Amino acid sequence: MKKLHQYLQLALLAYFGGLFIFYIAFDTLGGLFGMDEITSDSMVKVILTGLVLFLVTWGLGYSVNNSLVGSMKKMEQEMNALKAKIYDFEHPKIHTKENQDSVRKGTETDPSSLPPRQNIT
């Protein structure tokens with residue numbers, strides 16, 4: 001899909017480059033294509049063809065970009081899951097009575113918690 005997008009961009013560049021050269025050298029090249037003068041109908045056809053080619057190229061580029069972003073997000077999620085598994089293997093949780101008591105003490109003496117209110121009369 002990415003290669004097709006690159007080829008369409010090259011085709012779009014070649015199309016508009018060829019038209020640019022054709023209109024610059026119209027006096028000599030117009031007779032080869034049986035055109036005596038440039039009419040509004042021929043210009044509309046040329047511009048609409050270029051617009052359609054441009055929109056197809058743009059749409060394909062948008063879809064290629066979205067698929068790449070989606071695959072990057074998927075890879076990041078997989079990488080984060082693997083990192084979490086590695087961390088869990090390196091730091092196993094040991095639930096002993098001493099650890100649970102120290103965890104409870106740490107939360108009770110946490111300086112960020114406010115002491116209970118005392119009513120002084």
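A residue is termed buried when its relative accessible area is under 20%, exposed when over 50%, and partly exposed in between (1.4 Å probe, protein chains only). Residues are numbered from 1 along each chain as its sequence is written, and side-chain values rest on heavy atoms, with hydrogens and water left out.

The mean pLDDT (the predictor's confidence in each residue, from 0 to 100) of the protein is 81, and 84% of the residues score at least 70. Helices and strands were taken as DSSP runs numbered from the N terminus (H or I, at least four residues, for helices; E, at least two, for strands). The protein contains four helices and zero strands, arranged from the N terminus as α-α-α-α. Among these elements, helix α3 (residues 40-90) has the highest mean pLDDT, 91, and helix α4 (residues 97-108) the lowest, 55. Where pLDDT is low, predicted coordinates should not be read in detail.

Of the 121 residues of the protein, 12% count as buried. The accessible surface amounts to about 10,900 Å² (Shrake-Rupley method, 1.4 Å probe; for residues, only the protein chains shown count as cover), and carbon and sulfur atoms account for 65% of this surface. With contact defined as heavy atoms within 4.5 Å, 66% of the contacts between residues at least 6 apart in sequence join residues at least 24 apart.

Helix α1 (residues 2-24) comprises 23 residues. The distance from its first C-alpha to its last is 33 Å, close to the 33 Å expected at 1.5 Å a residue, where the expected span is 1.5 Å times one less than the number of residues. Within α1, H5, L8, L12, L19 and F22 are buried; their cover includes α2 (26-29) and α3.

Four aromatic pairs were found in a search of the whole structure. The rings of Y15 and F16 form an edge-to-face pair, because their centres are 5.3 Å apart and their planes lie at 80°. Rings of Phe, Tyr and Trp (its six-membered ring) pair if their centres lie within 6.5 Å, and planes under 30 degrees apart count as stacked, over 60 as edge-to-face and the rest as tilted. Y15 is partly exposed at 21% relative accessibility, as is F16 at 41%. The rings of F22 and Y23 are likewise edge-to-face, since their centres are 5.4 Å apart and their planes at 70°. F22 is buried, with a relative accessible area of 12%, whereas Y23 is partly exposed at 26%. Ring pairs join F22, Y23 and F26 into a cluster.
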